[in-house]
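Hello,

Here is the structure I promised to pass on. Have a look at it first, and then read my notes below.

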Amino acid sequence: MDLFSADEHDLIVELMNLGVGRAAHALSQLVSDEVLLSVPRLEFISVPEAQKAFHKDLPPFLAGVMQSFEGFINGRAALLFPEARSLELVNAMIGEELTADEITELEHETLAELGNILLNHCLATLANQLHEQIRTDIPRAFSISAEELSGTLNLNQGNPENTLVMLVQIDFSLRNSALRGYLAFIIDLHSADTFVSALRSYLAELL
Amino acid sequence: MLSSSESSGFCLTEILDNLDCTELLHSLDGGVLLLDAECRIIFCNRWFSRHTGFAESSMLGQTLNQLFPGQLPAPLLDAIETACYQRMGRILSYQLHKRLLPLHRRTPSGELQPLRQSILIKPLSQSELTLVQCLDITNAVKREQHLRAGERILKLERRVLELIATGDSLDMALDEICSTVEQLIPHTATAVMLLDETRNLLTIKSAPSLPASFNGREKGLMLSGTPTTCTQAVQLRSLAVTPDVQQDDSWQYWSDTARELHIAACWAQPIIAAYDEVVGVFACYPQTPGSPSESDRQLLQRMAHLAAIALERHRRMERIRFLAMHDPLTGLPNRSLLNEHLGRNLRRAQREGQQFALMFIDLDGFKQINDQHGHDAGDDLLSVLAGRMTQQLRGTDTCARIGGDEFVVMLETVQNPESAGLVATKILRCLSTPVQRGQQTLQVSASIGIALYPHDGTSADALLTHADDAMYQAKANGKNCWSRVT
């Protein structure tokens, strides 16, 4: 999708890296251990493309955390992991070596907080740097099959043509665990205009 | 007319319109607070006043930080401010924040205990208010702790069982049992002690985290001596507990060692194998005085059972190995074990440049014994003669039964051919001495062929053939004599 110019795209990548970096710092303090996060890839895609990408790239079972946001952009943001690895991540966060067979309600909450911190930092950094406002709802953790993802993310709510998906790969490294997840930002295109203009005025200020 | 869904929808709207939201929030089983844009409490539900002890009126207009000065963890304060000022929703999970609001709840027995909680902070849309929800998850935490503890024990037990099932190293399995208990009961050293054949002496078999100096201690644990915690466990066939070794007379002699090794108490669980036989003791030495809890007792029992399984399996393996290598009638080594000893001795003699002797022994007149007195008599005779021969030999020599009335003796070292001849003469004498069996007197003699390494052969086959030939020469020479073909 060429909604954004190359400069604007680069700016978004930079802001996401900044947000992820801040999240890593916050998580490191929380678990008193080094948490490394990086963003190897970021792309803007349409809803059908997103559905295709989810089908192709994601494992059959997923664990994730979703949060709604509204402000200068509106939509929903989700952190997605292969379900089998999510427990490993939670265990690494709380410093447990043992792995249960199933994720319990407490671990769901921990996963929710992990996603919460990550998504909040990304969204807050985006808003703060662009001098805009954003409000986020409380996070909700879920375990679903890949087919259920579109429904869970409300991907087809409203007109798919008015929805834009920002798909961000994210690599975690913490204690001895390393895994890749995805951040998906489902952005209402009615708000994309404010997004673009915020990016343009930010870039204009730089020049 | 309205359809049923429309009418119920209509009713629901009506109900919701007339609902007293304040009453609803008060009746919730969980804490609810409403904060204004400056983090001040503008509403708190009854649950909250009940669990904080503050009257509702005294909380209104205050921030949480003012209510609990210096008691709130930084992440909670930060999350509240982020939500009130920046409108970011937050969750604070129990696993990442063991301490949130200083709330307590009463246990069924009436004790006050910290309330385990997670907190949700939701900035409300279309207003400046922020909703704080405090969830009591004490029971979920308890369930999770049980689950994790059970899982941990299962995982460790599985490791022990795998070691028992796959390897036949008894030491490894017992060490694993010890370290399992040391992981599950922290600050505790453990040992497995076994009863010897006299069933009077307990000796340490495994104590991976105790120094060798301590292991020497149990050399002297006689069941017939002064009772100790461990010997009591054997005699009582149940857990014996000494909660404080410094206050216990039976530990008097060992009190310095105990102090040095930080041993404060001793819990001894008997290891009971098949047929209700006590075979040893599983001993725990905690660093602080005290008695085992119910879960400690269960763990000790389970581990003692595992130790019993490991010991039983080891004993059976040993038995199978013995049966495979020995003649069941006489208990003498069989041909397989002879070959093993012979091979080993050949290599040793070659390395050290020494001589050794091999004797092929065939009884004279054994067939007649069987014919005249029956096979039982023949068998008894063979057993007695086997015992007599063994008595003539050194512990390092080997006497094997390799056929019906054929034996091979290997003298591990000989200085010269004459000394082999002397042993042969002694064996001839003991074999030809009559054996009394009830009313019967059984008597045979023997013909012995001697082969010497390296003179008569340098391989097992060559030596055995040579000795066999010499035996036939002894038969030809009139029996009841030995011969060597040079």
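**Where the chains meet**

In this predicted model, 22 residues of chain A are in contact with 26 residues of chain B; two residues count as being in contact if their C-beta atoms, placed from the backbone, lie within 7 Å. On the chain A side, the elements that give two or more residues are β2 (61-71), α3 (83-94), α4 (105-129) and β4 (134-136). Helices (H or I, at least four residues) and strands (E, at least two) are DSSP runs, numbered from the N terminus. The biggest contributor is α4(A), with 9 residues. Sorted by class, this side of chain A has 10 nonpolar, 6 polar and 6 charged residues. Here Ala, Val, Leu, Ile, Met, Phe, Trp, Tyr, Cys and Pro count as nonpolar, Asp, Glu, Lys and Arg as charged, and the others, Gly among them, as polar.

A word on reading the model: residues are numbered from 1 along each chain as its sequence is written, while chains are lettered from A and ligands numbered from 1 in the order in which they are written. As the model is predicted, local features need pLDDT of at least 70 and side-chain atom pairs count only at pLDDT 80 or more, whereas totals for chains, interfaces and linings use all residues.

**Chain A and the cores**

Chain A has 6 helices and 7 strands, in the order α-β-α-β-β-α-α-β-β-α-β-β-α from the N terminus on. Of its 207 residues, 37% count as buried; a residue is buried if 20 or more other C-beta atoms lie within 10 Å of its own, exposed if 12 or fewer, and partly exposed in between, with C-beta atoms placed from the backbone. Among the contacts in chain A with a separation of 6 or more, 71% are between residues 24 or more positions apart.

The largest nonpolar core has 81 residues, and Cys122(A), Leu123(A) and Ala184(A) touch the most other members. Such a core is a set of buried Ala, Val, Leu, Ile, Met, Phe, Trp, Tyr and Cys residues joined through C-beta atoms within 7 Å. Helix α4(A) supplies the largest share of this core, 11 residues. Not counting residues up to four places away in sequence, Leu123(A) touches Phe69(A), Ala77(A), Ile134(A) and Thr136(A). A second, separate core of 46 residues includes Ala191(B), Met193(B), Cys284(B) and Leu300(B).

**A sheet and its helices in chain B**

Chain B comes to 17 helices and 20 strands, and buried residues make up 33% of its 486 residues. In this chain, 5 strands form an open sheet with mixed pairing, in the order β15-β16-β14-β19-β20; two strands pair if DSSP finds at least two bridges between them. Strands β15 (398-401) and β20 (482-483) of chain B each have a single partner strand, so one side of each is left without a neighbour in the sheet. β20(B) pairs with β19(B) (residues 445-453) in the parallel sense over 2 bridges, and Ile448(B) stands opposite Trp482(B).

What about Cys430(B): which helix holds this residue? Cys430(B) is found in α16(B) (residues 417-432), and this residue is partly exposed, with 16 other C-beta atoms within 10 Å. Leaving aside neighbours within four places in sequence, Cys430(B) is in contact with Arg388(B), Met389(B) and Gln392(B).

Best wishes
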